[in-house]
Structure formats: structure tokens, C-alpha cells
Amino acid sequence: MIQLLLLFVIIPAAILQNADNVDHQSWDTVAFRPCGGVRPVPREVRLLDCPSLPCLLPRGTEAKMAMDFTSVQEATNMRTIVTATALGVTAPYELPADRSAACNWLVQSRCPTSPGEDLTYHLSMPITAIYPLVSVTIEIDVVDQTQQSHGCFVIDARVVPR
């Protein structure tokens, strides 16, 4: 009986966690700015429910984003670095460990990646209920095991009540 319960609970949960099952193509394409330095820009960035900038991020929800980019070199491991600037203060936005592991959230692909490989990356960022209601600039950078950026962009957003 326990095995049957595991089959009906764990397997669907694992499938739902897979980025391959996300319908990101219908999300809003957003205008983004390039990051500073020589970090590559994505081909396209899409956000769920963001028809215009600044994106409105309701507290107590998750911001869902998809980024199309091209791998600049072989990557055996990739992680997401998020930096937020609000009220003149810039600070890292710490993603949960499972979400910062970018290889886990590639759509129809997995690490290692090859140079020149076109990839789509999906990210869900928690917007907790305790965040202040402020405008924020968000930088998202996907880097590999050598700290080489594969795609980086900046968007403007505003945390709003739910």
C-alpha cells in the first residue's frame, strides 16, 4: 500500500518540478537591459503576467521567468545569481539551493552543455509576504563552474500587495 501511495504522490510531484513541463512560450516577452561588463545578453526573456515594465510582483507569490540564451562554453554546472537594488541598496537575492541550480531548470536540455548550444532556462523566484512594497531593479545572471556568464539581464519591477 505504501508503495502505491508513493507512486501516486512522489512521481507526479517530481514531474511537476521539471522545467520541461512549463508552458513558457505564452508568457509575456519583456524588454530588458544588458548587465554591466561583457556578460552576454539573452536572446529573449519572458515573464508570466508581465505585459509591461515595471513587472508587478505580488507578495506571497512567485515570479516566473524564462530566458533563451546560447551557451558560450561547455558548462558542467550552472547556477543563477540574482542581485536586487531597492531604495539605493544593492544586495544579493538568495535563491533556495534547488532553484539556483540552473542545470535543473533547463528546458529540454541538461548539463553538460556544449558551446553554441541554444538553451531555455526557467526560474521561479519566491516573492515572500514580508518584502516591502518598493520598486526594485533585478539582475539575473546564469554562470557556469568557471564563473563565466552565459546570459545576464536587468529588469525593473515593483513589489505590490497581493
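This is a predicted model: local features need pLDDT of at least 70, side-chain atom pairs count only at pLDDT 80 or more; totals for chains, interfaces and linings use all residues.
Biologist: How many aromatic pairs does a search of the whole structure find?

Modeller: The search gives two aromatic pairs.

Biologist: Why is the pair of F32 and F153 called edge-to-face?

Modeller: The ring centres of F32 and F153 are 5.9 Å apart, and rings pair if their centres lie within 6.5 Å. Their planes stand at 65°, and an angle over 60 degrees counts as edge-to-face. The pair of F32 and F153 is therefore edge-to-face.

Biologist: What makes this a link between distant parts of the chain?

Modeller: F32 is in the loop between strand 1 (28-29) and strand 2 (33-34), while F153 is in strand 10 (residues 149-160). The two residues are 121 residues apart.

Biologist: What makes Y93 and Y131 an edge-to-face pair?

Modeller: Y93 and Y131 are 6.2 Å apart, centre to centre, with 70° between the planes. The distance limit is 6.5 Å and the angle has to be over 60 degrees, so Y93 and Y131 form an edge-to-face pair.

Biologist: Where in the chain are Y93 and Y131?

Modeller: Y93 belongs to strand 7 (residues 89-93). Y131 is in the loop between strand 8 (118-127) and strand 9 (135-144), and the two are 38 residues apart.

Biologist: How do you know whether Y93 and Y131 are buried or partly exposed?

Modeller: Y93 has a relative accessible area of 13%, and the limit for buried is under 20%, so Y93 is buried. Y131, with 23%, is partly exposed.

Biologist: Which residues lie nearest the centre of the largest pocket?

Modeller: They are A84, A86, Y93, Y131 and V136, out of 18 lining residues. The volume of this pocket is about 310 Å³.

Biologist: Which strand gives the most to the lining of the largest pocket?

Modeller: Strand 7 does, with five residues. Strand 6 (78-86), strand 7, strand 8 and strand 9 each supply at least two.

Biologist: How do the residues of the lining divide into nonpolar, polar and charged?

Modeller: The lining of the largest pocket has 16 nonpolar residues, two polar and no charged.

Biologist: How do you know that C35 and C152 are joined by a disulfide?

Modeller: The S to S distance of C35 and C152 is 1.9 Å, and a disulfide needs the sulfur atoms within 2.5 Å. The search of the whole structure finds three disulfides.

Biologist: Why is the disulfide of C35 and C152 called left-handed?

Modeller: The torsion about its S-S bond is about -85°, so this disulfide is left-handed. C35 is in the loop between strand 2 and strand 3 (44-47), and C152 is in strand 10, 117 residues apart.

Biologist: What makes C35 and C152 buried?

Modeller: The limit is under 20%. C35 has a relative accessible area of 6%, so C35 is buried. C152 has 0% and is buried.

How values were computed
Residues are numbered from 1 along each chain as its sequence is written. Side-chain values use heavy atoms; hydrogens and water are left out. Rings of Phe, Tyr and Trp (its six-membered ring) pair if their centres lie within 6.5 Å; planes under 30 degrees apart count as stacked, over 60 as edge-to-face and the rest as tilted. Helices (H or I, at least four residues) and strands (E, at least two) are DSSP runs, numbered from the N terminus. Buried means under 20% relative accessible area, exposed over 50%, partly exposed in between (1.4 Å probe, protein chains only). On a 1 Å grid over the protein atoms alone, a cavity is a set of points where a 1.4 Å probe fits but cannot get out, and a pocket is an open set with protein on both sides within 12 Å along at least five of seven lines; lining residues have an atom within 4 Å of a point. Grid points are joined across faces, edges and corners, and a volume is the space filled by probe spheres set on the points. Ala, Val, Leu, Ile, Met, Phe, Trp, Tyr, Cys and Pro count as nonpolar, Asp, Glu, Lys and Arg as charged, and the others, Gly among them, as polar.
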